[in-house]
Each structure stands twice: as structure tokens, then as C-alpha cells.
Amino acid sequence: DVPDPIRRFAHLIRPEYGVSDAIIQKLTEAGLKKPTAVQMQSTPVLLKKRDAFVVAPTGSGKTLVYILSLL
């Protein structure tokens, strides 16, 4: 029952994730064109309110994943 990875931030607008258009627009304005590997895999998991233990190098995008799940 693990969600599939996303390919683009825009996929998070889907009802099952509930991320607003405004948040996706801000990501685009900030120059984030596509999610990193860690963001592709862990964002859907956290947005589905599942627990995750994410280990990845510094600069891989982990912090954005945690923030998106809070917003």
C-alpha cells in the first residue's frame, strides 16, 4: 500500500494529496522544476500520513519533503 513516486510537483495537486495550486506555483517560482529522487519517493508517502525514515545526502531535498507534508 505504498504510494507510487511522483514525477512532477504538479502531480501533488491530485485530490489524494491535497496540495494547493498556490504551493505548486510557489515551488515553480522558486525555480524547482522537478522533484529530486528523494522527493519523488518520499513526498507521496508522507502526504498519505504514513511514517517514513528518509536517509539521503545533504542537499537532496529532504527538508522540502517534510515541509510539504506539514503544509
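Reader: Hi, I'm new to this one. Is Thr-28 buried or exposed?

Author: At 54% relative accessibility, Thr-28 counts as exposed. The terms work like this: buried means under 20% relative accessible area, exposed means over 50%, and partly exposed is in between, with a 1.4 Å probe and protein chains only. Before we go on, this is a predicted model, where local features need pLDDT of at least 70, side-chain atom pairs count only at pLDDT 80 or more, and totals for chains, interfaces and linings use all residues. Residues are numbered from 1 along each chain as its sequence is written, and side-chain values use heavy atoms, with hydrogens and water left out.

Reader: Thanks. Where is Thr-28 found?

Author: Thr-28 is found in helix 1. Helices (H or I, at least four residues) and strands (E, at least two) are DSSP runs, numbered from the N terminus.

Reader: And how far apart in space are Thr-28 and Phe-9?

Author: They are 8.7 Å apart, C-alpha to C-alpha, and 19 residues apart in sequence.

Reader: Let's zoom out. How many helices and strands are there in the protein chain?

Author: The protein chain has 3 helices and 0 strands. Along the sequence the pattern reads α-α-α. The radius of gyration is 11 Å, close to the 11 Å that the globule rule gives for 71 residues, so the protein chain is as compact as a globular protein of that length. That radius is taken over C-alpha atoms, and the globule rule is 2.2 Å times the number of residues to the power 0.38.

Reader: What does the C-alpha trace span?

Author: About 30 × 30 × 20 Å along the principal axes of the protein chain. Buried residues make up 35% of the 71 residues.

Reader: What about contacts along the chain, what share join residues at least 24 apart?

Author: It's 57%, counted among contacts between residues at least 6 apart in sequence. Contact means heavy atoms within 4.5 Å.

Reader: New topic: charges. How many positive and negative side chains are there?

Author: There are 10 positive and 6 negative side chains, and the centres of the two sets lie 7 Å apart. Lys and Arg count as positive and Asp and Glu as negative, while His and the chain ends are not counted. The place of a charge is taken as NZ of Lys, CZ of Arg, CG of Asp or CD of Glu.

Reader: Which side chains meet in a salt bridge?

Author: Those of Glu-29 and Lys-26, at 3.5 Å, N to O. The count comes to 1 salt bridge, by the rule that a side-chain nitrogen of Lys or Arg is within 4 Å of a carboxyl oxygen of Asp or Glu.

Reader: Where do those two sit in helix 1?

Author: Glu-29 and Lys-26 are 3 residues apart in helix 1 (residues 21-29), separated by about one helical turn. In general, an α-helix has 3.6 residues a turn, so residues three or four places apart point the same way. Both Glu-29 and Lys-26 are exposed.

Reader: OK, on to helix 2. How many of its residues are buried?

Author: 9 of the 11 residues of helix 2 are buried, so helix 2 is largely enclosed by the rest of the structure. Among them are Val-38, Met-40, Ser-42 and Leu-46. What covers the buried residues of helix 2 includes helix 3 (62-70).

Reader: What's up with phi of Lys-49?

Author: Phi of Lys-49 is near 60°, a positive value in a residue other than glycine. Lys-49 also lies in the loop between helix 2 and helix 3, and at 76% relative accessibility Lys-49 counts as exposed.

Reader: Last one: is Tyr-17 buried or exposed?

Author: Tyr-17 is buried, with a relative accessible area of 12%. Tyr-17 sits in the segment before helix 1. Leaving aside neighbours within four places in sequence, the contacts of Tyr-17 include Pro-3, His-11, Pro-44 and Leu-47.
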